[in-house]
Structures are given as C-alpha cells and as structure tokens.
Amino acid sequence: MSIYYSILRKPIIAGDKKLKDITDDVIRPLEQKPTLLWWVAFLVSLTVLLIGVVAVTYQIKVGIGTWGLNKTIGWAFDITNFVFWIGIGHAGTLISAILFLFRQRWRTSINRSAEAMTIIAVMCAGIFPLIHMGRPWLFFWVIPYPNLRGPLWVNFRSPLLWDFFAISTYFTISLIFWYLGLIPDMATLRDRAKSKIKKFVYGLMSFGWNGSARIWHHYETTYLLLAALATPLVLSVHSIVSMDFATAVIPGWHSTIFPPYFVAGAIFSGFSMVLTLMIIARKVLHYEEYITIDHIEKMCKIVLVTGGIVALSYGIEIFMAIFFGNQYERFMFLNRALGPYAWAFWIMISCNVLFPQFLWIKKIRRNVALVFILSIVVNIGMWFERFVIIVTSLHRDFLPSSWAMYKPTIIEIATLAGSFGLFFTFFLLFARFVPFIAIGEVKGVLKYGKLKKNLTSEGSVKANADVTV
Amino acid sequence: MDLFSAVFKDEDDLLKVTRQVRDSGYSIYDIYTPYAVHGLDDAMGLKPSKLSYLCFGFAFLGLIVAILSQYWIGSIDWPINVGGKPFNSLPAYLPVTFELTVLFGGVGIFFAFLFKAKLRPGKTAKLVNPHSTDYYFILTLEIKDSSFDSETVLSLCRQNNAVETKIILGNAL
C-alpha cells in the first residue's frame with residue numbers, strides 16, 4: 001500500500017528532519033518579528049499599489065477615455081493584463097489538484113504558496129474587467145438575478161458571461177481548496193500559540209480541529225473530491241477565456257486550437273511565476289530543505305513541457321495561416337511577424353520558444369540563478385503573447401483606412417503596475433501570517449524515499465519487501 | 001465512559017498497534033494524528049466516506065439548476081434573438097452549466113464535510129494531548145466495562161514504543 005520505503009525514490013525533504021522540526025522551521029517566520037527586508041518589500045509593494053489605486057480612481061472618475069484605445073483597437077492593455085493574471089493563476093490549482101491526482105508528492109512543499117498565489121492573481125485579474133465596465137458599481141448586473149429592470153436577464157450565449165461564471169467559480173473553488181488545506185495547520189498554530197490574541201484568532205480559523213482520524217478520513221475524501229472537481233475546472237477556465245477571442249470572426253482570434261493553446265500557455269506562465277516566487281522565498285525564509293533543487297528541477301520540466309506545447313501551437317497557427325488559403329489570416333500573420341508590432345512578436349517568440357529550450361540542460365535546470373532569470377523571461381514573454389494576440393489582430397483590420405496604432409497611456413501602465421503592487425502586497429502578507437508550506441502535508445511525505453529505520457540492520461532489500469502497512 | 005490513551009512518536013508504531021489492538025478485540029474510540037497517516041483508515045477499519053455520493057448529488061443539482069434556469073431565462077421569460085439562433089441554444093449553455101456543476105459540487109462538499117466533522121468557526125477543540133496537532137500520535141480506546149484487559153493493552157503499547165499511557169476518567173473529551 002505504502003510506497004515511501006522504496007530505495008528507488010529520493011527523499012522529498014532534505015536533511016534529517018523530525019516532525020517537530022518541520023513545524024518549527026515552517027512557522028519560524030510567523031513567530032519572529034518581520035525582517036527589515038520584509039518591511040522594505042512590503043512598503044515598496046504598497047506604494048506601487050497606491051499608485052495603482054490613484055490611477056484606477058482617476059480612470060473611473062474621468063472614464064475609460066483615459067486609455068489609449070481608438071476606433072480600430074477597442075480592446076488592448078486592459079484585457080492583456082486580465083488574461084496575463086488569469087494565466088498566472090493557473091499554476092496553483094494545477095499543483096494542488098492535477099499533481100495531487102497524479103500522486104506527485106513533491107507538490108506538498110509548494111502547494112500552499114502556489115494556491116495563495118493563484119487566489120491573489122485571480123483577484124488582480126478581476127480588477128481589469130471591473131474597471132472596463134466603466135461603471136464598476138453596477139458590476140452585479142452580470143449576475144442573473146430577478147431584478148426590477150424587466151426582469152432583464154444576461155445573455156447566456158455571450159463568452160464574456162461565460163467568463164464571469166468561470167472566473168468566479170474558479171476563485172471560489174480555489175479559495176475553498178486552499179482553506180481546507182489550511183484548517184489542520186491553523187490547529188497546529190493554535191496549539192503552539194502563546195499569546196491570547198493568537199490563540200483566539202487561530203482557534204477561530206481552525207474550526208475546532210483536533211486531528212481525529214475519523215475526521216481525517218472524511219477530510220481526505222473531501223480533498224480528493226475537490227481535486228477531482230478542480231482539475232477540469234483549471235482546464236475550463238482558460239478555455240473559456242480563450243473563447244472570448246475564438247468565438248469572434250477576427251483573423252488571428254477565430255481559431256479552434258485556442259482553448260488548449262491558452263491552457264498550456266497559462267500553465268507555462270503560472271509555473272514560471274511559481275518558480276520566481278519560490279526561488280526568492282526559499283532563500284529569504286530559509287526553506288531550502290523543503291523547496292529543494294529537485295523541486296525546482298521538476299517545475300522546470302513542467303515549464304519545458306508546457307512551453308513545448310505553446311511553441312507547437314505557434315507553429316500550427318503560423319502554418320495554418322500561411323497554407324490554409326485565407327488571405328486575411330495570412331496577411332494578419334505576416335503583419336504580426338513583419339509589421340509595425342514585429343518587435344513584440346519577436347520578443348514573444350524569443351522569450352517563449354527560444355530561451356526555455358535552455359531548460360533541456362540538466363545543469364541549467366539545477367542552477368537557481370539561471371532558472372530565476374529564465375522564469376522572469378517566460379513571464380515577460382507570456383505577457384507579450386497576449387499583447388500580440390490582442391493588439392496585432394485588431395490594429396490592421398479589413399478596412400485599410402482605419403488602420404491605427406495603439407500605445408498605452410501612463411494611466412494604463414500605472415494600473416498594470418498597481419496590479420503588481422496588489423499581488424506582492426498580498427503575497428507578502430500571506431508569507432507573514434499564514435504557514436508558507438503545508439505543514440500537515442509535508443509531514444505526511446517526510447518518510448518518502450527513506451528506509452524504515454528499525455529494519456535497516458536487516459538489509460535494505462528486506463526493508464523494501466516488508467512494506468505492507 | 002472512561003478512555004485509555006497511549007501516545008506514540010512514530011506513524012509506523014501507531015499503525016502496528018492499531019491493527020494489534022483491533023485484532024485483540026478492543027474498540028477504538030479515536031486516534032489523533034498531526035497529519036493524515038496513510039493506511040490508518042484501513043487499520044482502524046473505517047468504511048469509505050459516503051461524502052462522495054453527496055458530492056455527486058450537489059454537482060448534479062448544479063447541473064439541473066444551470067440547465068433549467070438558462071432554458072427558462074433564454075426561451076420562456078425573455079427570449080432574445082441573437083443572430084437568428086434558436087432561443088434554446090443548448091451548446092451555448094454548456095460552459096455556464098459546467099461551471100455551476102463544479103461550483104455546487106465544490107461548495108456543497110466543503111460545507112457537508114464541515115457538518116459531518118462537526119467543525120465550525122470558533123469551536124473549541126477537544127485535545128487529549130496538546131501536541132497531537134504537532135508531533136504526537138494518540139490512540140484512545142473505549143473502556144466499556146470491567147472486562148477491559150489493561151495488562152494486554154499496556155504490553156502491546158510498550159512493544160510498539162508508546163511514550164505515555166493513561167486513563168481518562170468519565171470521557172473528558
């Protein structure tokens with residue numbers, strides 16, 4: 001039944017840890033005073049967030065005429081950032097749901113923080129359509145509820161409405177999944193807490209958890225069910241986002257491979273962001289024994305695979321455009337690669353197709369500094385992918401007299417910066433107040449790949465034969 | 001009812017002693033562990049959780065609600081002609097139907113779990129040992145009557161490296 005005594009597998013957690021060491025190590029940053037580095041990072045993020053708040057307030061007051069849109073390009077920076085953030089938000093639930101179903105037990109070191117990243121990224125994404133509504137205080141009009149305006153219902157044939165359902169479901173399920181995993185850890189914190197306030201807060205949040213095996217039994221079933229529900233959900237969300245484009249008739253958008261292409265791109269960018277964050281966190285929070293080089297290498301492999309799917313999709317798109325015989329499609333792709341936005345296209349190709357190929361080399365996958373740089377390169381590339389898909393498909397439409405160029409205004413750039421401010425502010429708060437690593441889950445994989453101690457004297461082969469638990 | 005409790009430091013000891021006491025005919029009150037011990041449900045003889053059926057029920061409810069409400073809204077209450085498409089355009093309803101299925105299933109199962117496990121915000125946890133959520137594994141047995149053979153249990157616990165055993169009177173849990 002249990003496989004963690006196999007000599008074929010390497011331990012997931014480095015060092016000779018005991019159960020208590022794991023709790024101590026993971027909780028240490030929460031029990032200490034925040035470091036100077038944390039304060040600096042927090043204040044910088046908060047400042048950038050405030051710049052974003054000012055920009056958003058201004059554009060809501062004045063209107064979205066403050067953006068660089070024109071009659072030809074009616075969709076640009078805002079939706080680019082929306083798709084970018086939603087894509088980032090795909091890695092967390094992938095790690096917690098799909099890797100869980102595949103029994104990838106190394107996920108336990110990174111799932112908590114990746115899920116937190118997902119939730120925050122979805123919040124960042126949600127801001128953009130909200131602003132784009134122009135009158136965000138009427139956002140509830142997208143919810144179908146019996147109202148006094150007729151009742152006037154929403155249009156269930158619209159991909160933008162599907163998007164609303166997909167994003168809000170994704171956010172809710174991710175939040176529930178994350179919190180379910182957090183309950184046992186909150187109980188651990190509660191039982192360690194010295195101060196009354198902490199005991200009260202953690203007591204409230206741990207729902208009276210006492211580690212009963214009967215409850216664990218139901219807990220594991222619930223976790224498995226949520227994973228099974230979240231797995232198709234992850235795939236559906238970016239598929240639906242891609243339908244915002246694919247159901248249109250615009251050349252460059254009207255494409256049947258968009259759903260898998262977008263999903264692969266989302267996982268590609270999401271894992272890159274996880275790598276960026278984990279590489280910083282393991283160093284700053286001293287989690288090198290939990291988020292090991294092996295973890296980074298495995299994540300690099302996922303980046304490589306999904307990057308390969310993205311590259312293949314680019315290839316198919318270009319092939320179809322040139323050889324399918326649709327002159328508009330053909331023009332649009334040549335215009336993408338050779339037109340006025342060629343620089344953005346080639347940034348996209350080099351960041352998403354060329355540079356990730358370095359990850360084939362094991363030495364590079366195990367080199368933290370290089371992986372860090374590559375993860376940021378991929379993030380830049382994936383932002384440009386969305387920009388290229390959206391803006392270059394629109395800027396030279398069927399009527400050459402209305403061809404135009406798009407340039408973001410300072411307000412739009414400040415909004416994008418603000419979303420990064422929001423992301424890092426919340427992530428820093430998360431790292432400060434919530435266990436960064438799922439303590440309960442890491443304890444469960446502690447023995448993975450290690451020999452049973454009381455049997456080692458009889459030889460490792462014997463130890464492996466004696467595993468029926 | 002009185003309880004007998006034994007504290008262990010290792011999951012392998014716990015799994016072994018759980019099987020042994022169950023084979024010897026003792027009834028396990030509960031076991032408290034800091035993490036989900038793999039194979040413990042099997043060792044305790046717990047039946048598979050029925051929550052999965054409930055989850056299916058919630059998800060199915062979501063499916064029905066989504067299809068019926070979209071049909072009613074789109075075809076009966078306020079039909080809108082969108083590009084000459086039929087009012088009841090089922091394929092277009094699939095994305096929202098799928099999302100609501102997952103939403104109902106996920107939210108439903110979360111609250112069903114909390115209900116089943118009797119967990120709620122602000123509930124005071126009943127702990128046998130303050131370290132059972134950190135690094136100790138605690139086995140508790142029911143002492144139903146005087147036939148409870150404490151000598152055998154004690155020797156079983158000692159064989160499996162128990163660090164502490166005690167009797168909790170009157171079920172303080």
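At what angle do helix H3 of chain A and helix H9 of chain A pack, and how far apart are their axes?

**View 1. Packing of H3(A) against H9(A) in a predicted model.** Helix H3 (residues 77–88) and helix H9 (residues 258–284) of chain A, helices being DSSP runs of H or I with at least four residues, pack at an angle of about 70° with their axes 7 Å apart, the axes being lines fitted to C-alpha atoms over the stretch in contact and the angles running from 0 to 180 degrees between N-to-C directions. That makes H3(A) roughly perpendicular to H9(A), a term for angles of 65 to 115 degrees.

**View 2. Residues that meet between H3(A) and H9(A).** Val83(A), Trp85(A), Gly87(A) and Ile88(A) of H3(A) are in contact (heavy atoms within 4.5 Å) with residues of H9(A) including Phe262(A) and Met273(A).

**View 3. The contact between chain B and chain A.** Chain B gives 71 residues to this contact and chain A gives 61 residues. H4(B) supplies 17 residues, the largest share of the side of chain B that touches chain A.

**View 4. A salt bridge between Arg192(A) and Asp134(B).** Their side chains meet at 3.9 Å, N to O, where a salt bridge is a side-chain nitrogen of Lys or Arg within 4 Å of a carboxyl oxygen of Asp or Glu. The count between the two chains is two salt bridges.

Residues are numbered from 1 along each chain as its sequence is written, and chains are lettered from A and ligands numbered from 1 in the order in which they are written. In this predicted model local features need pLDDT of at least 70 and side-chain atom pairs count only at pLDDT 80 or more, while totals for chains, interfaces and linings use all residues, and side-chain values use heavy atoms, with hydrogens and water left out.

How values were computed
Helix = DSSP H or I, 4+ residues; strand = E, 2+ residues; numbered from the N terminus. Parallel < 35°, antiparallel > 145°, perpendicular 65-115°, else oblique.
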